[in-house]
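Have a look at the fold before reading on.

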Amino acid sequence: MNTPGAAHSHQPEPSPPGTHTVESLLLALQAASKRLCQALEDGQLDQIAAINSELEACFGPIERWQGGVAGFTACVKALPEASRQENLDRLVQIRLEHRISGALIRAAAQRIAALQAFHLAASDLATYAPGVPAVTGSQLSRRA
């Protein structure tokens with residue numbers, strides 16, 4: 001039995017966004033992914049935080065998509081034939097740039113860690129701090 005108040009309490013399911021929404025999200029995601037790759041390749045680590053904010057702004061609507069990322073991908077595959085392949089190619093490019101960015105971030109983190117270790121080892125304070133007696137050889141060499 002339907003009452004007028006009951007009809008308003010049930011919210012309809014959101015209809016899937018149109019082609020324009022899918023394409024605009026993909027274009028924004030592709031542009032941000034490309035900028036992140038370029039910043040990492042150029043060593044411009046100070047730009048990463050701003051670009052990550054852009055990426056999060058793109059991923060948010062995709063994650064909230066009906067069906068999540070899989071639902072978004074299904075919408076891309078269901079686009080009209082005229083734009084489907086171009087947008088599928090965009091998805092492939094975005095995934096590739098994501099993998100490249102991950103590898104560049106890992107390489108940058110390793111480089112930073114190596115530089116920190118090098119500077120620490122080369123620092124006079126690391127080995128000859130006041131009050132620390134000079135040590136000849138290492139613990140390993142004394143025990144061997």
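## The big picture

Keep in mind that this is a predicted model. The protein has seven helices and zero strands, so its pattern along the sequence reads α-α-α-α-α-α-α.

Of the 144 residues in the protein, 24% are buried. The accessible surface is about 10500 Å², and carbon and sulfur atoms account for 59% of that. If you take the contacts with a separation of 6 or more, 62% of them link residues 24 or more positions apart.

## Helix H5

Helix H5 covers residues 81-122, which is 42 residues. From first C-alpha to last, H5 reaches 62 Å, close to the 62 Å expected at 1.5 Å a residue.

Which residues of H5 are buried? They are Ser83, Asn87, Arg90, Leu91, Ile94, Glu97, Ser101, Gly102 and Ala108.

In soluble globular proteins, nonpolar side chains tend to be buried together. Here the largest nonpolar core has 20 residues, and the members touching the most others are Val22, Leu26, Phe72 and Val76. At least two residues of this core come from each of helix H2 (19-41), helix H3 (48-63), helix H4 (68-77) and H5. H2 supplies the largest share, with eight residues.

Leaving out residues up to four places away in sequence, Leu26 touches Phe72, Val76, Asn87, Arg90, Leu91 and Ile94.

## A closer look at Arg90

One of the residues that Leu26 touches is Arg90, and Arg90 sits in helix H5. Is Arg90 buried or exposed? Arg90 counts as buried because its relative accessible area is 13%, and the cut-off for buried is under 20%.

What does the side chain of Arg90 pair with? Another, at 2.7 Å, links the side chains of Arg90 and Asn87. Setting aside neighbours within four places in sequence, Arg90 is in contact with Leu26, Leu27 and Gln30.

Terms used. Residues numbered from 1 in each chain as written. Predicted model: local features only at pLDDT ≥ 70, side-chain atom pairs only at ≥ 80, totals over all residues. Heavy atoms only, no water. Helix = DSSP H or I, 4+ residues; strand = E, 2+ residues; numbered from the N terminus. Expected span 1.5 Å × (residues − 1). Buried < 20%, exposed > 50% of the residue type's maximum accessible area, 1.4 Å probe, protein only. Core = buried A, V, L, I, M, F, W, Y, C linked by side-chain atoms within 4.5 Å. Contact = heavy atoms within 4.5 Å. Polar contact = N/O pair within 3.5 Å; in protein donor to acceptor, adjacent residues only side chain to side chain. Areas by Shrake-Rupley, 256 points an atom, 1.4 Å probe, with all protein chains shown as cover.
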